[in-house]
Amino acid sequence: MKSAFVFPGQGSQSVGMGKALAENFPQARAVFDEVDDALSQKLSTLMWDGPADELTLTANAQPALMAVSLAAMRVLEAEAGLDLKTQAAFVAGHSLGEYSALAAAGSLSVADTARLLRIRGNAMQGAVPVGQGAMAALLGLEYDVALEVAREAAQGEVCDAANDNGGGQVVVSGHKAAVERAVAIAQGKGAKRAVMLNVSAPFHSALMAPAAEAMREALAKVTVNAPAVPLVANVTAAPVTEPDAIRDGLVRQVTGTVRWRESVAFMADQGVESFVEVGSGKVLTGLVKRIAPGATGTAVGTPEDVAAFTASLKG
């Protein structure tokens with residue numbers, strides 16, 4: 001059975017995530033220590049003790065979610081004998097999760113990934129003054145209809161499709177007034193629900209151009225290796241292994257659409273039957289089941305999950 005390993009994005013964070021892994025497995029503890037050292041900050045303390053509002057800040061949430069994913073990966077490697085090169089067809093991640101996927105596949109070091117995500121979080125937060133941008137989820141509309149809504153709502157401002165999550169869930173992003181117009185238009189085009197999201201910036205829209213430039217500069221300074229298995233990139237929904245193409249995709253991803261529906265569909269079309277979500281929460285597992293109903297989805301983020309996954313491999 002072909003497998004793909006997928007990595008969650010922002011919104012999957014919660015206070016306490018990763019703590020049980022660190023308490024039970026030295027391999028996990030070592031990852032959290034490495035991230036703390038790379039950032040010169042006890043991010044692990046914030047992750048485990050809160051406060052939640054500080055953990056939710058983009059500059060903290062992004063490296064924190066990566067740390068949990070990589071801690072879980074190191075434990076799977078130690079406990080279940082996981083080897084991506086022989087046991088996975090692809091890796092992929094949702095937005096910041098693409099960085100986690102690359103670190104898991106050996107393309108980026110954990111320390112470099114933590115520093116890149118800190119830069120990314122700060123740059124994305126700082127790209128647009130607070131209150132000027134917004135995002136909204138359009139539920140029950142197919143992607144092409146959501147694109148029409150975004151175009152109609154723009155009216156000279158920015159309103160872009162930020163995430164095509166699958167299952168009739170599309171997120172739009174841009175100027176606040178344009179996104180509010182999109183909510184009203186979507187309801188008139190048959191959306192089941194259209195809701196403004198509680199986010200701090202208009203991610204994955206043209207308004208993020210300054211952040212894309214910051215990432216271009218930052219990525220030029222780090223070593224990017226070919227990953228152990230192909231990465232299915234957010235911006236193309238296609239596999240990539242060449243380091244310069246990986247860098248380019250990570251830059252374009254800041255302003256581009258996260259093509260998650262197409263990414264999962266591509267992997268399923270390539271014969272992937274098992275999707276393993278590594279890290280905090282089960283958001284991607286739920287999306288996979290909507291996009292590829294014939295596939296199985298498994299989330300691994302706790303010691304209990306590790307034990308169950310290990311047993312399933314040996315069973």
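**Exercise 1. Find the residues through which helix 5 and helix 7 touch, then work out how the two helices are oriented.**

*Solution.* Begin with the contact: on the helix 5 side, Met66, Ser69, Leu70, Met73 and Arg74 meet Ser100, Ala103 and Ala104 of helix 7. Sorted by class, the residues of this contact are 5 nonpolar, 2 polar and 1 charged. Bear in mind as you work that the model is predicted.

Next, take the geometry. Helix 5 spans residues 58-79 and helix 7 spans residues 97-104; their axes lie 9 Å apart, and the packing angle is about 30 degrees. Angles under 35 degrees count as roughly parallel. Helix 5 and helix 7 are therefore roughly parallel to each other. To finish, look at the handedness: helix 5 passes helix 7 in a right-handed crossing.

**Exercise 2. Describe how helix 11 packs against helix 12, and then how helix 8 packs against helix 11.**

*Solution.* Take helix 11 (residues 209-220) and helix 12 (residues 243-255) to start. Their axes come within 8 Å and cross at roughly 160 degrees. That makes helix 11 roughly antiparallel to helix 12, as angles over 145 degrees are counted this way. The crossing of these two helices, helix 11 and helix 12, is right-handed.

Now list the partners. Helix 11 contributes Ala209, Ala211, Ala212, Met215, Arg216, Leu219 and Ala220, while helix 12 contributes Arg247, Leu250, Val251, Val254 and Thr255. The class count for this contact is 9 nonpolar, 1 polar and 2 charged.

Then turn to helix 8 and helix 11. Here the axes come within 9 Å and cross at roughly 160 degrees, and helix 8 and helix 11 are therefore roughly antiparallel to each other. Their crossing is right-handed. Leu116, Ile119, Arg120, Ala123 and Met124 of helix 8 make the contact with Ala211, Ala214, Met215, Ala218 and Leu219 of helix 11. This contact of helix 8 with helix 11 has 9 nonpolar, no polar and 1 charged residues.

**Exercise 3. Characterise the largest pocket by its volume and its lining.**

*Solution.* Start with the volume, which is about 820 Å³ for the largest pocket. Its lining consists of 33 residues, and those nearest the centre are Gln10, Gly11, Asn163, Leu197 and Val199. Two or more lining residues come from each of helix 5, helix 8 (110-126), strand 3 (133-139), strand 5 (169-175), strand 6 (193-196) and helix 14 (283-291). Finally, sort the lining of the largest pocket by class: 15 residues are nonpolar, 16 polar and 2 charged.

**Exercise 4. Examine the backbone: is the peptide bond from Gly50 to Pro51 cis or trans, and is the phi of Ser95 positive or negative?**

*Solution.* As a reference point, most residues other than glycine have a negative phi, and most peptide bonds are trans. Look at Gly50 and Pro51: the peptide bond from Gly50 to Pro51 is cis, with omega near 5 degrees. Pro51 sits in the loop between helix 3 (43-49) and helix 4 (52-56).

Then move to Ser95. Its phi is positive, about 60 degrees, although Ser95 is not a glycine. You will find Ser95 in the loop between strand 2 (90-93) and helix 7.

Definitions and conventions: Residues numbered from 1 in each chain as written. Predicted model: local features only at pLDDT ≥ 70, side-chain atom pairs only at ≥ 80, totals over all residues. Heavy atoms only, no water. Axes fitted to C-alpha atoms, helices over the stretch in contact; angles between N-to-C directions. Helix = DSSP H or I, 4+ residues; strand = E, 2+ residues; numbered from the N terminus. Parallel < 35°, antiparallel > 145°, perpendicular 65-115°, else oblique. Left-handed = near helix turned anticlockwise from the far one by under 90°. Contact = heavy atoms within 4.5 Å. Nonpolar A, V, L, I, M, F, W, Y, C, P; charged D, E, K, R; others polar. 1 Å grid on protein atoms, 1.4 Å probe; cavity = no way out; pocket = protein on both sides within 12 Å on 5 of 7 lines; lining within 4 Å. Points joined across faces, edges and corners; volume = space filled by probe spheres on them.
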